[in-house]
Amino acid sequence: MQLTSYSDYSLRVLLYLALNPEATPTIKDIAANYDISKNHLMKVVNNLTQTGYVEAIRGRSGGLKLARNPSDIVLGEVIRKTEGDFRIVECFDAKTNTCVIAEDCRLKHILNEALSAFLGILDRYTLDDLALPQASLREALNLTHKPS
């Protein structure tokens, strides 16, 4: 299974904000530090704002801040809200399933169990856990100075 870039970018934004709580970076700042598309990141940040993870501060000195404590942001919850589709195989969707062995095949149940385990493990970790080792992550993101 591979997460979409949307989920990856969502986690990156949250991590960036968790590592930089004293600042209010802009989408441009975050995009530049990760070397990713500002336009794509705008969609990600909009969703993170709507789902209550990020607070957008408007105005001349505005920017972004976490809307919740990093220890309250569960990674599994973020992934569930950012991944649009967990249909690993065709038979996960009864409406579009055309597999002739779906009723007798155990693959769907095995993959469903694996998906539950995957999300269950992510449910054990928070953004606080992701933000370690903080010093080296801050250095890698050039957060030794406040964003411009």
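Predicted model: local features only at pLDDT ≥ 70, side-chain atom pairs only at ≥ 80, totals over all residues.

User: Okay, how many helices and strands does the chain have?

Analyst: There are seven helices and two strands. Going from the N terminus, the order is α-α-α-β-β-α-α-α-α.

User: And what box do the C-alpha atoms fill?

Analyst: Roughly 60 × 30 × 25 Å, taken along the principal axes.

User: What share of the residues is buried?

Analyst: Buried residues come to 36% of the 148 in the chain. As for contacts between residues at least 6 apart in sequence, 65% of them join residues at least 24 apart.

User: Let's talk about the core. Which residues have the most contacts inside the largest nonpolar core?

Analyst: Those are Val13, Leu14, Leu17, Ile30 and Leu41, in a core of 37 residues. Helices H1, H2, H3, H4 and H5 and strand E2 each supply at least two residues of this core.

User: Which of them gives the most to this core?

Analyst: That's H1, with nine residues.

User: You mentioned Leu17. What does leucine 17 touch?

Analyst: Leaving out residues up to four places away in sequence, leucine 17 touches Pro25, Ile30, Val54, Leu64, Lys65 and Leu66.

User: Switching topic: at what angle do H2 and H3 pack?

Analyst: About 120°, and their axes are 9 Å apart. Because of that angle, H2 counts as oblique to H3. The crossing of H2 past H3 is right-handed.

User: Which residues meet there, in H2 and in H3?

Analyst: From H2 you have Ile27, Lys28, Ile30 and Ala31, and they meet Lys38, Leu41, Met42 and Val45 of H3. Sorted by type, the residues of this contact are six nonpolar, no polar and two charged.

User: Last one, asparagine 47. Where is it found?

Analyst: Asparagine 47 is in helix H3, which covers residues 38–50.

User: Is asparagine 47 buried or exposed?

Analyst: Buried. Its relative accessible area is 15%, so asparagine 47 falls under the 20% cut-off.

User: And what is asparagine 47 in contact with?

Analyst: Setting aside neighbours within four places in sequence, asparagine 47 is in contact with Tyr6, Lys81 and Thr82.

Notes:
Residues numbered from 1 in each chain as written. Heavy atoms only, no water. Helix = DSSP H or I, 4+ residues; strand = E, 2+ residues; numbered from the N terminus. Buried < 20%, exposed > 50% of the residue type's maximum accessible area, 1.4 Å probe, protein only. Contact = heavy atoms within 4.5 Å. Axes fitted to C-alpha atoms, helices over the stretch in contact; angles between N-to-C directions. Parallel < 35°, antiparallel > 145°, perpendicular 65-115°, else oblique. Left-handed = near helix turned anticlockwise from the far one by under 90°. Nonpolar A, V, L, I, M, F, W, Y, C, P; charged D, E, K, R; others polar. Core = buried A, V, L, I, M, F, W, Y, C linked by side-chain atoms within 4.5 Å.
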